[in-house]
Amino acid sequence: EFRAGVMVEAFHDGLHLHLSHAAETGYLNIIYAPKELCFVIVDPAVPGCSRSKYATALTAAVAYARMIGEAALPEESGGFKLHKSKRSKTGYRGVSYQSRVGPGGGRLLSKPWMATLYSDGKNNNLGRYPTAEQAAVAWARALEAYKA
């Protein structure tokens, strides 16, 4: 997803980043502070978090994920081994993120995570999901069925 010309990542340094459809930065509780020319974290549940200043929204989002103890991506879910990918912005193979669809910025999607399995020379859309993990499970399930 692009916000203000910058790619918004859902996964970085092994962390799930908290995305927000409503935030200008694309990240939950991360705002741009124009007077300070930096990004800050604004979460009343995390004492002292707004004292730190970050050069980019991404660095602030990574710091926020670490502050609230966000766990690394799960390796297994729903009885399936999840296939991680270092090349994918989502952290999972076959999973992509798209928060909006349609003309003029489009409408917000309640299920922004899409699973797609490439097989037999074509992309097979496996549906949209509310979380990256659910999309990764769908991809793993489809891969297992394809190999069978």
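**Strands, turns and buried residues**

Q: Is Phe80 buried or exposed?
A: Phe80 is buried, since its relative accessible area is 13%. Buried stands for under 20% relative accessible area, exposed for over 50%, and partly exposed for what lies in between (1.4 Å probe, protein chains only).

Q: What kind of model is this?
A: This is a predicted model, in which local features need pLDDT of at least 70, side-chain atom pairs count only at pLDDT 80 or more, and totals for chains, interfaces and linings use all residues. Residues are numbered from 1 along each chain as its sequence is written, and side-chain values use heavy atoms, with hydrogens and water left out.

Q: OK, where is Phe80 found?
A: Phe80 is part of strand 8. Strands (E, at least two residues) and helices (H or I, at least four) are DSSP runs, numbered from the N terminus.

Q: And Lys81, what is its place?
A: Lys81 also belongs to strand 8, which covers residues 80–81. Lys81 is exposed, with a relative accessible area of 56%.

Q: How far apart in space are Phe80 and Arg141?
A: From C-alpha to C-alpha, Phe80 and Arg141 are 6.9 Å apart, while 61 residues separate them in sequence.

Q: Switching topic. Which residues cover the faces of strand 6?
A: Strand 6 spans residues 38–41 and has both faces covered. Cys38 and Val40 lie on one side, Phe39 and Ile41 on the other, and all are buried.

Q: What is the relative accessible area of Phe39?
A: For Phe39 the value is 16%, so this residue is buried. The C-alpha atoms of Phe39 and Ala61 are separated by 9.4 Å, and the two residues are 22 residues apart along the chain.

Q: How many bridges join strand 5 to strand 6?
A: There are 4 bridges between strand 5 and strand 6, and the two run antiparallel. Two strands pair if DSSP finds at least two bridges between them. Within this pair, Ala33 stands opposite Cys38 of strand 6.

Q: What do strand 5 and strand 6 form?
A: They form a hairpin with 4 residues between the strands. In the turn, Leu37 has a positive phi of about 55°.

Q: Now strand 12. How many of its residues are buried?
A: In strand 12 (residues 113–119), 5 of the 7 residues are buried, so the strand is largely enclosed by the rest of the structure.

Q: Which strand do 3 bridges join to strand 12?
A: That is strand 9 (residues 95–97), and the two run antiparallel. Tyr97 stands opposite Trp113 of strand 12.

Q: And how many bridges join strand 12 to strand 13?
A: The count is 7, again with antiparallel strands, and strand 13 covers residues 122–129. Met114 stands opposite Arg128 in strand 13.

Q: What about the turn between strand 12 and strand 13?
A: These strands make a hairpin with 2 residues between them. Asp120 lies in that loop, and its phi is positive, about 50°, although it is not a glycine.

Q: Is Asp120 exposed or buried?
A: Asp120 is exposed, with a relative accessible area of 66%.
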